[in-house]
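Subject: Structure handover

Hello,

Please open the structure below and keep it on screen while you read. My notes on its helix pairs and pockets follow.

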Amino acid sequence: ATLVMENKEELARIITAENGKPLKEAQGEIVYSASFLEWFAEEARRIYGDVIPASAKDRRVLVLKQPVGVAAIITPWNFPSAMITRKVGAALAAGCTVVVKPAEDTPLSALALGELANQAGIPAGVYNVVPCSRQQTAAVGEVLCTDPLVSKISFTGSTATGKILLKHAAGTVKRVSMELGGHAPFIVFDSANVDRAVAGALASKYRNSGQTCVCTNRFLVQKGIHDEFVEKFAKAIEKELHVGNGFDAKTTQGPLINEKAVEKVEKHIKDAVSQGASVVTGGKRHSLGKNFFEPTLLTNVTTKMLCTQEETFGPLAPVIRFETEAEAVAIANAANVGLAGYFYSQDPAQIWRVAEQLEVGMVGVNEGIISSVECPFGGVKESGLGREGSKYGIDEYLEIKYVCLGGL
């Protein structure tokens, strides 16, 4: 963790060069990455067992926690450093060795962490990195999931890929952690502080140009404040977001990861507009060309449109107008995934109701950015299995062993 912080600038520059995110965001990711290493170094001392009162006088009942074994770690390109440390920190603290397969778009961050692990004195063979080409990704993933020497799979990525890996892992009944796709709703109720909601919306939607698992994918805004919210949100987008090279200090929006990502955003906008949606701002590729896209805001959006049915993973904010709380919750919960959800309200009773009713693993109430090392990260439904970070994260790499000591 100390070495990561000492090399923060170099590591951040690798991230920006690899995936395009603005350098300030990349620097933030490195601090976030180091926090997981520090956190789990501390949690390694807290892998507590148990002594259970026995039902017979001549017995003692103990519970031990032991490392699960070799863990295969498969990580995405959008957080090429933090998604490794969040998993590897927990695995190493539990006593597991790891084989990391980084995303084919961003292998250099994983290799840089390998160099720092070496400098830190981590023994050879404990932190291993297997980069591979796009063509070999599926084959390498299958080997990691089917090899009997691997005891645990931890994957962050799309739901479709996660399902394939789960099938492969089933053959040897491996332990699995899956942090899969999201489709986060962001609900703004009439009682909300609109200015705070706009600030939260901007942060939640456009971080990493909309390429995060927990970024908002659909905005649901109650009719009473709908027009005010849209007007202020559009002004904030136009004033505060700057598209450009990630190494440029004023840039807040870098390029998307590749051409395919740009095409998906275009497809979602075209589909929405063809069904009656209106482009308030943005809506097309940026004049910088290549993979740069304008931050986009759509209104008159319905639940029949593609952008509200699947994850865009780009700088597109579609706004749906709703009338009642029950309607908003029903729309939010209609998805087959449930990673993060956000809502803004100043009604205490409504806050409790909606927080409990949203079918997601993480809820931001009057907050647009909720990830932190102390808190359990993960989803429900088809958004995955298990939790990362927090005091719960290390349990994913531990087996519970019951020992019955008799004849006393």
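This is a predicted model: local features need pLDDT of at least 70, side-chain atom pairs count only at pLDDT 80 or more; totals for chains, interfaces and linings use all residues.

**Helix pairs**

Start with helix H2, residues 8-19, and H3. Their axes lie 8 Å apart, and the packing angle is about 120 degrees. The two helices are therefore oblique to each other. What is the hand of the crossing where H2 passes H3? It is right-handed. On the H2 side, the contact uses Lys8, Glu9, Leu11, Ala12, Arg13, Ile15 and Thr16. On the H3 side, it uses Leu23, Ala26, Gln27, Glu29, Ile30 and Val31. Sorted by class, the contact of H2 with H3 has 7 nonpolar, 2 polar and 4 charged residues.

Next come helix H8 (residues 194-206) and helix H9 (residues 226-240). Their axes come within 10 Å and cross at roughly 50 degrees. H8 and H9 are therefore oblique to each other. Their crossing is right-handed. From H8, the residues that meet H9 are Val194, Asp195, Ala197, Val198, Ala201, Leu202 and Tyr206. Their partners in H9 are Glu228, Phe229, Lys232, Phe233, Ala236, Ile237 and Glu240. How many residues of each class are in the contact of H8 with H9? There are 10 nonpolar and 4 charged residues, with no polar ones.

The last pair is helix H11 (residues 325-333) and helix H12 (residues 348-357). The axes come within 10 Å, and they cross at roughly 25 degrees. That makes H11 roughly parallel to H12. H11 passes H12 in a right-handed crossing. H11 brings Glu325, Val329 and Asn333 to the contact. H12 brings Gln350, Arg353, Val354 and Gln357. By class, the contact of H11 with H12 has 2 nonpolar, 3 polar and 2 charged residues.

**Pockets**

Now turn to the pockets. The largest pocket holds about 1,300 Å³ of space. Its lining has 41 residues. Which of them lie nearest its centre? They are Trp77, Gly157, Ser158, Thr159 and Thr161. Helix H6 (137-146), strand E6 (150-156), helix H7 (159-170) and helix H10 (259-274) each supply at least two lining residues. H7 gives the largest share, 5 residues. By class, the lining of the largest pocket has 14 nonpolar, 17 polar and 10 charged residues.

The second largest pocket has a volume of about 380 Å³. It is lined by 21 residues, and the closest to its centre are Ala1, Leu37, Leu92, Ala117 and Ile122. Helix H1 (2-6), helix H3 (23-43), helix H4 (82-94) and helix H5 (107-120) each give two or more residues to this lining. Which element gives the largest share of the lining of the second largest pocket? H4 does, with 6 residues. By class, this lining has 17 nonpolar, 3 polar and 1 charged residues.

**Where to look**

Then find Trp77, one of the residues nearest the centre of the largest pocket. Finish at Leu92, among those closest to the centre of the second largest pocket.

Best wishes

Technical notes: Residues are numbered from 1 along each chain as its sequence is written. Side-chain values use heavy atoms; hydrogens and water are left out. On a 1 Å grid over the protein atoms alone, a cavity is a set of points where a 1.4 Å probe fits but cannot get out, and a pocket is an open set with protein on both sides within 12 Å along at least five of seven lines; lining residues have an atom within 4 Å of a point. Grid points are joined across faces, edges and corners, and a volume is the space filled by probe spheres set on the points. Helices (H or I, at least four residues) and strands (E, at least two) are DSSP runs, numbered from the N terminus. Ala, Val, Leu, Ile, Met, Phe, Trp, Tyr, Cys and Pro count as nonpolar, Asp, Glu, Lys and Arg as charged, and the others, Gly among them, as polar. Axes are lines fitted to C-alpha atoms, for helices over the stretch in contact, and angles run from 0 to 180 degrees between N-to-C directions. Angles under 35 degrees count as roughly parallel, over 145 as roughly antiparallel, 65 to 115 as roughly perpendicular and the rest as oblique. A crossing is left-handed if the near helix is turned anticlockwise from the far one by less than a right angle, and right-handed if clockwise. Contact means heavy atoms within 4.5 Å.
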